[in-house]
Amino acid sequence: MDWTRILTNVAGEFFAPTTAAYALAAIGLNIHFGLTGLLNMGQAGFMLLGAYGFAIATIAGWPLWAAVLIAIAAATIFALILGIPTLKLRGDYLAIVTIAAAEIVRLVGRSTALTELTGASSGLRGNQYKDTFQDASPFDDGTWALGPFEYAVNASNSWWIRIVGWVVVALACLLVWLLIRSPWGRVLKGIREDEDAVRSLGKNVYSYKMQALVLGGVIGSLAGILYVLPRAVQPDSMGRSMTFFIWTILLLGGAATVFGPVLGSIIFWAVLAIVKLTLRDVVPTTILRSEQIEQFGWIIVGVALMVLIIFRPQGILGDKKELAINAH
Amino acid sequence: MRSAVLDPGGTTTPPLARRIAALLLLALTSITLLLVATPARAQGPVASATAACVADAATGCIVGTLRTAAGEPVVGAVLDVVGPAGDLTATSDATGRWSVAVTEAGEYEVTLDVATIPAGETLRDPANNPRTVAVALGASQAALFPLGAPAGGGGGGDTGDEPSDSPTTDAEGGAAVPETPGSTGSGVTAARVAQLTVNGLVFGTLLALASVGLSLIYGTTGLSNFAHGEQVSLGGILAYVGTQLVGLPLIPSAIIAVALGAATGWLQDAGLWKPLRRRGVGMIQQMIVTIGLSMAISYVFQFFFGAGPLRIVTDTPTSVSIGPVRITTTTLWSLAIAAIVLGGVAFFLLGTRAGRATRAVADNPALAAASGISVNGMIRIVWTLGAGLAALGGVLIGLYFGATSWYSGGALLLLMFAAVTLGGLGAAFGALAGSIVIGLVVELSSLWIPTDMRYASALVILILVLLVRPQGILGRATRVG
């Protein structure tokens, strides 16, 4: 078994664009769930909308900043549509509606009726919308190598997307850190712990919940852009499973913490990479086909999610007293 | 907290070892169940698609590609080919392609089994099914079955069973159903409306089997079970294992599938949910556990059975025509079974002591416990019943759509939630009413929106219901926030 190769690949996962995208999505979910206690089970829907908004606007010839704004606007509208009927109801209604709405986005996106816009189930190819992002890079084309990691500077799965991705993640962490300390963040935490107490203090709980839903959703849509930049917009790869992975990441790292989502994402992808690469090397393909190894990885994720939420709901970094999951 | 109420002695945590043993037991049982099926996978009908036919000196091919009206490939449709080389069948693959290899030249009659094409799809030219093709060795002969609106209208004066060609379709269809502005694709005809209404009623009734369990579990425990879809898939897959891998006839293997499905419900409550309730794990946490469980189970299915469609029965069911509506005899039987079982559930809930106790627990667990009802016992009954009903739903839905798969229940989960919410979360009869409405909405919406978007219409209904009447059709108007 080639441990150097496996460990190099695993270390590559630490700062891969996908890891950054999932970390960012989990930061958005952290604002929903960790800070406010909202059960958003449709974070992948926000990401997919962001990805579609960005890609379609870019293909239509809009500049980079406008395409990003479109993605943000799409997520905002989506959050408003979801929030208006459900934020006054019990928490699990929001869960059902968000998971349903994310599914609607996916079903509509992959419908053949919209092939010209969304490319139906085959999606939008990355080359159609990557250019504006790559052109925004201040670096010259070529490849850089940092130790064993050699990637193109600007093209596709590049250093440029890694730099931008992790800078955005860092900014989002800073934002969450500032929010947690702000009066606004304290109201959100109050809502999470005891909605009625906050209401009795004269705060408009509904409005605060809505603001949190929109903010987390917008961060989710940016994560969607990050996720699709090195690949393609594929509606079927951004379905329910993706939301569940984000939940696992958040609960693994620790909800209601600043760095929990980032740590969770790094561990999630590194462990998955170790499991898959090791299995691929050790187990002959006659016993486990390569897609079975993939599925085995996801089975582990599902079991890990169950074990985590039962035995350590606060995750690695969290504080059990801080997060009262059952306040609602 | 509700969970504390459910388990008066909930402060004592059982030893960790026992809890883990129970979890392991659950995991082992499910794995054993699945392992039974694995060895056969190697030689069994793994490939969902027939191997593509290559024409050579001794072989001729009959080939075709099936696409829905909206242009999506039709997966798992069954074609029957009868001719000099004998009786052959083909199944369309993930791209809608199918092919049959024949070893003798001559005339072959190709029949597309309309029961295996997606619900709501109809043949554009039903008169052309079956169709006859002449096959020569060393060549491929195409036999195409275009799908879309039948090129014949079922207006007022239509007496024939089969819609016939008529140039005045649109006018007739317009009279039957108000023209919707911007209606897409295939037109609205009375025959199509009738067919879709029947499809919707059938689909809704079968969906009700699955969603009644979801609603009962919610009603008695307060848990939104996101893994209920996998219970539905489990039923379908177990029936597939029984008929295709073990070789049992359909009815015994369906009964075994339902029994095993119910057993998994019992085991799940005994090994997972009861310990969690005793431990005082909150509802939100339990809900996230169901999500992890759903993910784990669905990938276990995919691990063992692959991602392709799994056909429970491979022979072509016979169809009967009632007026303009075609329905297979299998579906009629399924409908009868579903109606009897749902009636039985209604009788259980209304007419038996255990059923009344179940409703009492759903109403007010503390009061039920105080009046001597074993709350945990009732919850065990509900889990067993709910999982059994889901398994039956999975088998019948698998038969209705022609195939089951690792995701067949997962895809229905949101429709079940829509139905349950529409009927009122926790109200068992509400789930029945909600399912029928959702079934009709899903099927009839394909009159106006593309077929592949029709599930979305049900989810829009879900959101609208929450906006207007969050307690659902039959739910009590209590404060739900």
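Chain B has 15 helices and 9 strands. Helices here are DSSP runs of H or I of at least four residues, strands are runs of E of at least two, and both are numbered from the N terminus. This is a predicted model: local features need pLDDT of at least 70, side-chain atom pairs count only at pLDDT 80 or more, and totals for chains, interfaces and linings use all residues. Residues are numbered from 1 along each chain as its sequence is written, with chains lettered from A and ligands numbered from 1 in the order in which they are written.

Confidence next. The model scores ipTM 0.86 and pTM 0.74. Chain B averages a pLDDT of 74 (the predictor's confidence in each residue, from 0 to 100). In chain B, 72% of the residues score at least 70. Where does pLDDT stay under 50 in chain B? One such stretch is residues 28–51, with 29 contacts beyond four places in sequence. A contact means two C-beta atoms, placed from the backbone, within 7 Å. Residues 151–185 of chain B are also below 50, and that stretch has 59 contacts beyond near neighbours in sequence. Where pLDDT is low, the predicted coordinates should not be read in detail.

Now burial in chain B. Of its 481 residues, 53% count as buried. Buried means 20 or more other C-beta atoms within 10 Å of the residue's own; exposed means 12 or fewer; partly exposed is in between, and the C-beta atoms are placed from the backbone. Among contacts in chain B with a separation of 6 or more, 74% join residues 24 or more positions apart.

Take helix α8 of chain B, residues 283–305. This helix has 23 residues and reaches 32 Å from its first C-alpha to its last, close to the 33 Å expected. The expected span is 1.5 Å times one less than the number of residues. In α8(B), 22 of the 23 residues are buried, so the helix is largely enclosed by the rest of the structure. Just after α8(B) comes B:Gly306, with a positive phi of about 75°.

One residue to look at is B:Thr197. It lies in helix α5 of chain B, residues 190–221. B:Thr197 is partly exposed, with 15 other C-beta atoms within 10 Å. Which residues does B:Thr197 contact, leaving aside neighbours within four places in sequence? B:Leu440 and B:Leu444. B:Leu444 is 247 residues away along the chain, yet the two C-alpha atoms are separated by 6.6 Å.

On to chain A. Its secondary structure comes to 14 helices and 2 strands. The radius of gyration of chain A is 20 Å, close to the 20 Å that the globule rule gives for 328 residues, so chain A is as compact as a globular protein of that length. That radius is taken over C-alpha atoms, and the rule is 2.2 Å times the number of residues to the power 0.38. The C-alpha trace of chain A spans about 60 × 45 × 40 Å along its principal axes. Buried residues make up 52% of chain A.

Helix α12(A) has 14 residues and reaches 20 Å, close to the 20 Å expected. It is mostly covered, with 13 of its 14 residues buried. A:Gly254 follows, with a positive phi near 125°. A:Ala256 sits in the loop between α12 and α13 (260–282) of chain A. A:Ala256 has a positive phi of about 65° although it is not a glycine. Most residues other than glycine have a negative phi. A:Ala256 counts as buried, with 26 C-beta neighbours inside 10 Å.

How do the chains meet? The contact takes 41 residues from chain A and 42 from chain B. On the chain A side, α4 (64–86), α5 (91–110), α12 (240–253) and α14 (290–311) each supply at least two residues. The largest share, 13 residues, comes from α5(A). By class, that side has 27 nonpolar, 10 polar and 4 charged residues. Ala, Val, Leu, Ile, Met, Phe, Trp, Tyr, Cys and Pro count as nonpolar, Asp, Glu, Lys and Arg as charged, and the others, Gly among them, as polar.

Last, the cores. A nonpolar core is a set of buried Ala, Val, Leu, Ile, Met, Phe, Trp, Tyr and Cys residues joined through C-beta atoms within 7 Å. The largest has 213 residues, of which A:Leu24, B:Ala418 and B:Leu462 touch the most other members. Its largest share, 18 residues, comes from helix α12 (residues 375–401) of chain B. A second, separate core of 24 residues includes B:Cys61, B:Leu66, B:Val81 and B:Phe145.
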